Amino acid sequence: SRAAWYHSVALSPDGHLALAAGPWSNDVHVWDVQSGMMLTVLKGHAMPVSRVLVTPDGRWAVTASHDMMLRLWDLGNRTCRSVIEAKDSRCRRQLWDVALSADG
C-alpha cells in the first residue's frame with residue numbers, strides 16, 4: 001500500500017474525528033480516532049485542499065482549497081452545505097488558509 005501524508009489536520013472537539021487534507025489531494029479524509037478507520041472522504045474541491053478546520057461545536061468543517069473556494073461541510077451527514085468563492089483581488093492564485101472565530 002502507498003503511504004499518505006497530510007499537511008492540514010483538524011480534530012473534532014470531542015476527539016472522536018480527525019479530518020486530514022494532503023498536499024496533492026482535492027479531498028478530505030475523515031477518520032475515527034479510536035478505531036483508526038477512515039469513515040468517509042469529503043469530495044468537492046477541484047484543486048488540492050490547503051486547510052481544514054472543525055467548528056468549536058463539532059458540527060461543521062470548513063475547507064480552503066487552491067481552487068479559490070471555501071466549503072462548509074455538515075459533519076453529521078458528511079455533505080457540503082455551502083460554497084464560497086474567494087473573489088478578493090489579493091487572492092488571485094491560490095487560497096491557503098481560513099480561520100474561524102472563537103464562537104464558530
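Which residue forms a salt bridge with Asp-74, and how far apart are the closest N and O atoms? Arg-81 does, with the closest N and O atoms 3.1 Å apart. A salt bridge here is a side-chain nitrogen of Lys or Arg within 4 Å of a carboxyl oxygen of Asp or Glu.

1. Basis. This is a predicted model, where local features need pLDDT of at least 70, side-chain atom pairs count only at pLDDT 80 or more, and totals for chains, interfaces and linings use all residues. Residues are numbered from 1 along each chain as its sequence is written, and side-chain values use heavy atoms, with hydrogens and water left out.

2. Overall make-up. The protein chain has zero helices and eight strands. Its pattern along the sequence is β-β-β-β-β-β-β-β. Helices (H or I, at least four residues) and strands (E, at least two) are DSSP runs, numbered from the N terminus.

3. Burial and surface. Of the 104 residues in the protein chain, 38% are buried. Buried means under 20% relative accessible area, exposed over 50%, and partly exposed in between (1.4 Å probe, protein chains only). The protein chain exposes about 6,500 Å², and carbon and sulfur atoms supply 52% of that area. Accessible areas come from the Shrake-Rupley method with a 1.4 Å probe; for residues, only the protein chains shown count as cover.

4. The Arg-81 pair. Its two partners sit in opposite classes. Arg-81 is exposed at 51% relative accessible area. Asp-74 is buried at 13%.

5. The second pair. The structure holds two salt bridges. Lys-43 and Asp-27 also meet through their side chains in a salt bridge, at 3.1 Å from N to O. Lys-43 lies in the loop between strand E4 (38-42) and strand E5 (49-54), and Asp-27 in the loop between strand E2 (17-21) and strand E3 (28-32), so the pair ties together parts that are 16 residues apart in sequence. Lys-43 is exposed, at 57% relative accessible area. Asp-27 is buried, at 16%.

6. The sheet. Four strands make an open sheet, ordered E1-E2-E3-E4, with antiparallel pairing. Strand E1 (8-11) and E4 stand at the edges with a single partner strand each, so one side of each has no neighbour in the sheet. Neighbouring strands of this sheet are turned by 20° against each other on average, direction ignored. Axes are lines fitted to C-alpha atoms, for helices over the stretch in contact, and angles run from 0 to 180 degrees between N-to-C directions.

7. The E1 and E2 pairing. These two strands pair in the antiparallel sense over four bridges. Two strands pair if DSSP finds at least two bridges between them. Leu-11 stands opposite Ala-18 in E2.

8. The core. The largest nonpolar core has 13 residues, and Leu-19, Val-28, Leu-42 and Val-52 have the most contacts inside it. E2, E3 and E5 are the elements that give two or more residues to this core. A nonpolar core is a set of buried Ala, Val, Leu, Ile, Met, Phe, Trp, Tyr and Cys residues joined through side-chain atoms within 4.5 Å.

9. Val-28. Beyond its neighbours within four places in sequence, Val-28 has contacts that include Leu-19, Leu-42, Val-49, Val-52 and Thr-63. Contact means heavy atoms within 4.5 Å.

10. Leu-100. This residue is found in the segment after strand E8 (79-85). Leu-100 is partly exposed, at 32% relative accessibility. Leu-100 and Thr-55 are 45 residues apart in sequence, yet 7.3 Å apart in space, C-alpha to C-alpha. Leaving aside neighbours within four places in sequence, Leu-100 contacts Leu-53, Val-54, Thr-55 and Val-62.
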